[in-house]
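Work through the exercises below with the sequence and the model at hand. Each task is followed by a stepwise solution.

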Amino acid sequence: MAIHDVIVIGLGGMGSAAAYHLAARGQRVLGLEQFGPAHDRGASHGGSRIIRQSYFESPEYVPLLLRAYELWEALAHDSGRDVMTLTGGIMVGLPDSVTVAGSRRSAEQWDLPHELLDAADLRRRFPVMTPAPGEIALHEDRAGFVRPELTVRAHLDLAARHGADLRFHEPMTRWEPTADGGVRVDTESGTYTAGRLVLAPGPWAPRLLADLGLPFVVERQVQYWFQPSGGVDPFRPEALGVYIWEDRHGSQVYGFPAIDGPDGGAKIAFFRRGVPTTPETVDREVDESEIATMAARARQHLPDLPGAFLRAKTCLYCNTPDEHFVIAAHPAHPSVTVACGFSGHGFKFVPVVGEILADLVMTGTTAHPIGLFDPDRLTEVGS
C-alpha cells in the first residue's frame, strides 16, 4: 500500500508551491529534488523576478495574476518571509510596441490602475531614464519584484510544516503507471508509489517529458549586476521601479532598482535573447563580450547604470513556441499532472500554479482559467 498520496518531482518554484498546497489540503506528499533546496541550476534563482498585472503577454493571464497577488500576500504572512515588494513598474517603448500596447490592452480590459507617460514625463519622474523621441511608458503602482530563493524556501518550509516528506539530492531515474491506476517512481535511492504524480521539471522537461512530443526549447539566459557610476541612490526602489524597455527593433531588456543595499548594484538582463542548450551542456561562464553587450544596451536607456560590472549569473529557460505554459493532466496517464514551459515570465505565477496543480491532482479540474495552457495546442501545431 502506498504511504504517499502524491509524489512531486522537482521542488523549484512550481514544485515547491504544489507540495505546499497539496500538503495544506491534507495530502500525504513526497517531494523529490535532484539538487539541494533553492538551488541555482534551473530558473528559480537570481535574487529577483518582476511581478506585474498589466500583462503584455495576454489579457488572459490577468485573472491568474490577481489571484497570485492574493497568494503572494498570504505566503508572506504565513511564512514570515519578505517574498514580495511593490515598487511600481515602468513599461517603455513606442506606442505600438508589444511592451506598451500589450500592457495597455490588459490594463484597459481589466480596469487595472495605470497611467501613460510621454518621454518628458518619464524623464521628469525617473531622471536616470533617457527615453528616445516618441517613446512612452505605461506605469503601474502594483508592479514590483518577488524573491525566488526566498519563495522556494517559504513554500518548502510550509509544506514540511504540513507534513510533506521532502527529499533533496535524490534525482528521479524513471516513473511508470501501476496496474491500480497509481504511479511508481524510481530514484537512485529507492522506489516509491503513490496515487498521483506531479512533474514540475523546469529545464529538464525535454528529457523527462519526451513522451509528450512537445517542442520545448531550453535556452541559456544571463542576468547582470552593475554598480551605477553615481552610486545607487537614484536607483533605490523609492526612486525607480522595475522596468521592461523595448527598443525600436523589438528587443526587450528588463531591470530592477538597487534592492540589495549600497554595494549590491542593480540588475538588468535581456528578455528572451538566449542560446539553445541543455542542462547538461550549458556554459555557466559569462565572457567579456557578453558583459560589454549588456553594458552598451543599458547605457542607451540608463546612462549611469553600467558603471562597474559586479557579477553575472546564468539560468535556464524552458520555453514553448508560443511562450505560453503547459499545465494539464498527462494525456496518456490521468494520474500524472505536468507543469512546465514557464520560463521568461512564469515565476510571478508560482503560488497560483501551486493552487492549480493541487486542484488538478485532487479533483481533476480547476476553476482557474487554464485553457491557454492545454498541450494539445502544441501537438496540433507540430502535426
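**Exercise 1.** How many residues does the largest nonpolar core have, and which have the most contacts inside it?

Solution. The model is a predicted one. Its largest nonpolar core has 69 residues. Those with the most contacts inside this core are Leu22, Trp72, Tyr254, Ile327, Phe349 and Phe373. Take Ile327 next: leaving aside residues up to four places away in sequence, Ile327 touches Val338, Phe342, Val353, Ile356, Leu357, Leu360, Ile370 and Phe373. Another core, of 28 residues, lies apart from the largest one, and includes Val183, Leu199, Val326 and Leu378.

**Exercise 2.** Classify the packing of helix α1 (residues 13-24) and helix α5 (residues 148-161).

Solution. Start with the axes, which are 8 Å apart at an angle of about 25°. Angles under 35 degrees count as roughly parallel, so α1 and α5 are roughly parallel to each other. Their crossing is left-handed. For the contact, Gly13, Ser16, Ala17, Ala19, Tyr20 and Ala23 in α1 meet Val152, His155, Leu156, Leu158 and Ala159 in α5. By class, these residues are 8 nonpolar, 3 polar and no charged.

How values were computed
Residues numbered from 1 in each chain as written. Predicted model: local features only at pLDDT ≥ 70, side-chain atom pairs only at ≥ 80, totals over all residues. Heavy atoms only, no water. Axes fitted to C-alpha atoms, helices over the stretch in contact; angles between N-to-C directions. Helix = DSSP H or I, 4+ residues; strand = E, 2+ residues; numbered from the N terminus. Parallel < 35°, antiparallel > 145°, perpendicular 65-115°, else oblique. Left-handed = near helix turned anticlockwise from the far one by under 90°. Contact = heavy atoms within 4.5 Å. Nonpolar A, V, L, I, M, F, W, Y, C, P; charged D, E, K, R; others polar. Core = buried A, V, L, I, M, F, W, Y, C linked by side-chain atoms within 4.5 Å. Buried < 20%, exposed > 50% of the residue type's maximum accessible area, 1.4 Å probe, protein only.
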